[in-house]
Amino acid sequence: MLKRVNESPRTNVHVHLKDAAFPAPFASGLEYAAPARGTWNIAHVGMLMPEAHEIFVCAAGCLRGVVLTAAEMGASHRFSTVEVKENNLLDGDMEDLIIEGVSDVIRKLPYTPRAVLVYTSCVHHFTGCDLDVCYRELRARFPHIDFTDCYMNPIMRKSGLTPDQLMRRQLYSLIRPREKDPKCVAILGSDFELNEDSELAKMIRGAGYRLLEIQRCKTYEDYQQLGEASIYITTYPSAIPGGEALAQRIGGTHIHIPYTLDYDEIDANLRKLADLLGCDMPDTKPMRDACDAALAKLREVITEDVTVDYTYCPRVLGAARLLHEAGLHVTRVYADSFTGFERGDYDALRAANADITIHPTAHAAMRFAVSEMPCLAVGQKAAYFCGTDHFVNEVEGGGHWGYEAILSLCSLMLDAHENAKPMRELVAIKGMGCSCV
Amino acid sequence: MRQTSGIISTYSADVFGVCSALFELGGMVVMHDASGCNSTYTTHDEPRWMDMDAMVYISGISEMEAIMGEDSKLVSDIADAARELHPRFVAVAGTPIPAMTGFDYAACAAMIEGETGIPALGVTTTGMNSYVLGASRAYKMFCEKFVKRDAAKTDAPSVNIVGMTPLDFSIKGEAESVVRFCERAGFAVNANFSMGCTFDELVNAGAAHVNLVVSACGLAAAKWMQAELGIPYVIGTPVAGPYADALADLLCETARTRRDGLCAAHAGTGDIAIIGENVRSIALAEAIALATGRDCRVISSVNEDILRPGDVYAPWEDDVIAALDGAKVVIADPMFAPIAPKGAKFIHNAHEACSGRLWRSEIIDPAAGIDAILSQL
């Protein structure tokens, strides 16, 4: 338990699902950061581009987190900084700082990167910095390097695309148009490589298509081959703008085949993809039966409370619904808000009168909401708040999709039930599974 | 070029220094920031986050709030949280966007006090300076606001430790080592700014006979206490061996003579370069000189107020590279290894304010001994 350094009340702010507004059950206010760090940040995502170098142009406080992200990944050699100071705000020389700073970094590097990801920040937006001028000049100075504009501007998270969406778009912005291969599919915008056992991967490969992903690229040339795909698939909600932008820019068809744990939605997505690939819809009954059996086994074994948080997958309510409908005792969902894709799960759980409470993770009072609750947690934040070592340690869907994702969840839950893990140590690791060094 | 870093780290920033300094005091510290500062601070710069329930939050300022100057949103969010969570005090510190919009921290603090009746500090930071500046300001403002002017001196000799945060003193027991040093030197610790302490202990800081400034973070508060409360100060941090003895002697002498002083007798010369926070690095340099007869030069990237003749303030990577010219031994955080001169011996001296938690397990507690360093010279 946390050592108390004040006399604050032990609060536990939450709302029952039946009373929870959609998509934002909680009012905004001061924000707390729970010490569960498994999800990726923009520095992690950028490192997925092979042979690229990241240069962040920000204030010291903003640089600190990403500098140490790179260091903890062992990727400091692919990471540099240009620090913004007060005088740059006052002197109006932000463009000079970017151009000369980035140039200085590149000249000093012991290697020539194929691409440079330049991350500018909130202050550039607010000072009206002319980024076009900066990139035009940098491209003229270093014609053999591809530059792209990336953004660490969280102040814009409520205005247009979020920094996360922007990052997942810009990651593919350097792909050049190529002759399209009609039998080539690329998956875009996920943190993790798509599991080969997923129905998605099996259908693509079974239909005779090449399957490309940035996670599988070892070289910049591999990365450029993503331009050969004729179909671009996104499975992660915040990847959609990137998929649309790439298809619009270099051609090809973008299709969103969302991560879901709902049988019917999985089938509908597979049918949609089968139409696009020109292949037969597979018989999913064996997979449904396998999932039914796995869930039945869960119901038999896991009698303790189950809690789920939003970092586990993009459909936290979908995970809660799946487990609730399977007969497990789902009591808590940890999420600050929901995406529009979760409306169906929200409605279904409410219609079923599920006795589930929704708990925020960033509300100020959550600082005092850590308990030692005997339960099985799905996700790092649920594990932290419930103080349990019995938890599913996976983030952002873990590269799973479809029935395979359900089977994976069942397997991980059984393992978590039987085996305790050192939660405190595991959740502290930043960017879980980021193997893009 | 100034302001660029090819590879080395960025030291912890001013706003995080504020949080670190005030962490254990039962207050609510709010970083006026859009997003990111909270997770950066609590992941890399606050090793107590998992174990103590201190209230550190961000405001979550948005683009429109910044453009429209909606400071009232921040005040009402803080007031709402404070009414629910009852902090002993509130402190607000800032980041680049509030700096750009000319956010008035003092006015904000006054509004919070008026709204809640809870004392508040507005610590002006921009997120563009080192943690030393933020922690210094926080300690000084805390003293100005809360330290009693009329505290009776303790009967027995006592000392305040000033400038101790986990950014410079590892949670692996360094704070306790410094406390033991003070006690061996004949001083009870009256207040520790601010590891292993309480708000009430700090409020009573005026009862001490002398202040021990253990990092540059503590200097401004020590100067304030010297001016307002008449407490003299010594700058230094214990390094086991002859330097600790010298520091203990100086502490006694200063308590008696009331003459402030830096515990140093050597110049910043020689072919051994020490990179780090000023007071710790100077103490290490002096200890090495006393143990080996070899002078060391100190290179600080975080503060220029406390240096010996010959020591260098080098805020940027190129400055550090220039200052390292000719060094045969470099003692520094491992993040500096890539820029050490070719052929120079590099000795790890991990520093949380530089590399965060990366090398915490190998941080040296100088008060317990520096054989790990001396054996490599």
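Modeller: What follows begins with the contact between the chains and then turns to the domains within each of them. Please keep in mind throughout that this is a predicted model.

The contact between the chains takes 62 residues from chain B and 60 residues from chain A. On the side of chain B that touches chain A, the elements that supply two or more residues are the strands β1 (4-5) and β3 (55-58) together with the helices α1 (14-22), α2 (37-45), α3 (63-68), α4 (71-85) and α5 (96-101) of chain B. Of these, α2(B) gives the most, with 7 residues. Sorted by class, this side of chain B has 28 nonpolar, 26 polar and 8 charged residues.

Turning to chain A by itself, the domain assignment divides the chain into domain 1 (15-36 + 287-427), domain 2 (50-170) and domain 3 (181-277). Taken over C-alpha atoms, the centres of domain 1 of chain A and domain 3 of chain A are 27 Å apart, and 21 residues of domain 1 of chain A are in contact with 20 residues of domain 3 of chain A. On the domain 1 side of this contact, α12 (285-301), α13 (316-325) and α16 (403-418) of chain A each contribute at least two residues, and the largest share, 4 residues, comes from α16(A). That side of domain 1 of chain A has 10 nonpolar, 7 polar and 4 charged residues.

For chain B, the domain assignment gives domain 1 (14-129), domain 2 (158-262) and domain 3 (272-374). Here the centres of domain 2 of chain B and domain 3 of chain B, again taken over C-alpha atoms, are separated by 22 Å, while 26 residues of domain 2 of chain B are in contact with 24 residues of domain 3 of chain B. The side of domain 2 of chain B that touches domain 3 of chain B draws two or more residues from each of α8 (174-184) and α11 (242-257) of chain B, and α8(B) gives the most, with 4 residues. By class, the residues on that side of domain 2 of chain B divide into 16 nonpolar, 7 polar and 3 charged.

Technical notes:
Residues are numbered from 1 along each chain as its sequence is written. Chains are lettered from A and ligands numbered from 1 in the order in which they are written. This is a predicted model: local features need pLDDT of at least 70, side-chain atom pairs count only at pLDDT 80 or more; totals for chains, interfaces and linings use all residues. Domain bounds come from an automatic or database domain assignment. Two residues are in contact if their C-beta atoms, placed from the backbone, lie within 7 Å. Ala, Val, Leu, Ile, Met, Phe, Trp, Tyr, Cys and Pro count as nonpolar, Asp, Glu, Lys and Arg as charged, and the others, Gly among them, as polar.
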